[in-house]
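Here is a short briefing on one protein chain. Please look over the sequence and the fold, then read on by topic.

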Amino acid sequence: GLTDLFGPEAVEKFLVPERIVRNIVVTIDNLPREKLALQQRPVRPTPGEFVAAGPEESLILAAENFERYEPFVQTLVTADAKTLVSMYRGLQPLFQQAYEELGHPNDLFNARLLEVIDHLLATPEPQGPVRLVQPGVFFQYADEGLENLSSGQRLLIRMGPANAAAVKAKLRELQAELI
């Protein structure tokens with residue numbers, strides 16, 4: 001079904017098909033948390049390296065970094081929300097089973113999915129360049145408020161404003177179909 005929806009090239013390029021339902025559930029459940037379970041993500045890592053720009057004392061999130069996410073975002077936004085939600089509903093018992101196996105036997109995955117969509121839609125939209133610091137190996141947002149956001153919200157910011165806006169628009173479409 002995903003091949004029909006996204007096309008065989010996109011499925012091969014972006015998705016990790018092994019245990020995909022379980023990995024989707026794990027990822028969705030973790031998006032509002034501090035860290036994602038990277039070894040259980042349903043999508044392949046974003047190609048290329050993280051890009052920062054500017055002198056060391058005033059690094060910013062580079063626009064070149066946003067380009068790494070564009071192919072994935074384009075694939076997502078071209079998917080028909082009604083069809084995607086219809087596929088999800090057909091497989092909902094599998095999603096629910098995976099959610100229960102993760103330690104949520106009395107909770108509904110669909111409720112968690114809607115909660116996570118709301119959480120992602122609440123991601124702030126930084127105005128101007130996003131400043132970075134590099135206290136160790138990895139870059140962090142210089143703004144403590146941004147750095148303390150959830151993993152999902154930090155990812156939306158890392159994608160850049162245009163990509164984040166496109167993802168949020170698709171999330172609103174999916175939300176409308178799910179309700």
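Lys168 is buried, with a relative accessible area of 3%. That is under the 20% cut-off for buried. The model is a predicted one. Lys168 still has a charged partner: its side chain forms a salt bridge with that of Glu125, at 3.2 Å from N to O.

- Is Glu125 buried or exposed? Glu125 counts as exposed, at 55% relative accessibility.

**Other salt bridges**

- How many salt bridges does the structure hold? There are 6.
- Side chains of opposite charge can pair when their charged atoms come close.
- Arg112 and Asp29 pair through their side chains at 2.8 Å, N to O.
- Arg112 belongs to helix 6 and Asp29 to helix 3 (residues 20-30), so this bridge ties together parts that are 83 residues apart in sequence.
- Both partners are buried: Arg112 has a relative accessible area of 10%, and Asp29 has 6% relative accessibility.
- Lys82 and Glu177 form another side-chain salt bridge, at 3.5 Å from N to O.
- Here too, distant parts of the chain are linked: Lys82 is in helix 5 (residues 81-101) and Glu177 is in helix 9, 95 residues apart.
- Lys82 counts as exposed, at 54% relative accessibility.
- Glu177 counts as partly exposed, at 27%.
- Which residues do shared partners join into one network? Salt bridges join Asp29, Arg33, Arg112 and Glu115 in this way.

**Asn110, a buried polar residue in helix 6**

- Asn110 is placed in helix 6 (residues 109-121).
- Its relative accessibility is 16%, so Asn110 counts as buried.
- The side chain of Asn110 makes a polar contact of 2.9 Å with the side chain of Tyr88.
- Beyond neighbours within four places in sequence, Asn110 is in contact with Tyr88, Gln92 and Leu178.

**Gln96, a buried polar residue in helix 5**

- Gln96 lies in helix 5.
- At 15% relative accessibility, Gln96 is buried.
- Where does the side chain of Gln96 reach? It comes to the backbone nitrogen of Phe109, at 2.8 Å.
- Neighbours within four places in sequence aside, Gln96 is in contact with Asp107, Leu108 and Phe109.
- Gln96 and Asn65 are 31 residues apart in sequence, and their C-alpha atoms are 35 Å apart in space.

- The buried residues of helix 3 include Ile20, Val21, Val25, Val26 and Ile28.
- Asn23, Thr27, Asp29 and Asn30 are also among the buried residues of helix 3.
- What do these buried residues pack against? They pack against helix 1 (2-6), helix 5, helix 6 and helix 8.

**Helix 8, largely enclosed**

- Helix 8 has 7 of its 9 residues buried, so the rest of the structure largely encloses this helix.
- The buried residues are Ser151, Gly152, Gln153, Arg154, Leu156, Ile157 and Met159.
- Gly160 follows helix 8 and has a positive phi, near 95°.

**The second largest pocket**

- Rolling a probe the size of a water molecule over the atoms shows where empty space is left.
- The second largest pocket has a volume of about 270 Å³.
- The lining has 17 residues, and Pro126, Val130, Ile157, Gly160 and Pro161 are the closest to the pocket centre.
- Strand 2 (60-61), helix 8 (151-159) and helix 9 (161-178) each give two or more residues to the lining.
- Which element gives the most to this lining? Helix 9 does, with 4 residues.
- By type, the lining residues divide into 12 nonpolar, 3 polar and 2 charged.

Notes
Residues are numbered from 1 along each chain as its sequence is written. This is a predicted model: local features need pLDDT of at least 70, side-chain atom pairs count only at pLDDT 80 or more; totals for chains, interfaces and linings use all residues. Side-chain values use heavy atoms; hydrogens and water are left out. On a 1 Å grid over the protein atoms alone, a cavity is a set of points where a 1.4 Å probe fits but cannot get out, and a pocket is an open set with protein on both sides within 12 Å along at least five of seven lines; lining residues have an atom within 4 Å of a point. Grid points are joined across faces, edges and corners, and a volume is the space filled by probe spheres set on the points. Ala, Val, Leu, Ile, Met, Phe, Trp, Tyr, Cys and Pro count as nonpolar, Asp, Glu, Lys and Arg as charged, and the others, Gly among them, as polar. Buried means under 20% relative accessible area, exposed over 50%, partly exposed in between (1.4 Å probe, protein chains only). A polar contact is a pair of N or O atoms within 3.5 Å; within protein, one must be able to donate a hydrogen and the other to accept it, and residues adjacent in sequence count only if both atoms are side-chain atoms. Contact means heavy atoms within 4.5 Å. A salt bridge is a side-chain nitrogen of Lys or Arg within 4 Å of a carboxyl oxygen of Asp or Glu.
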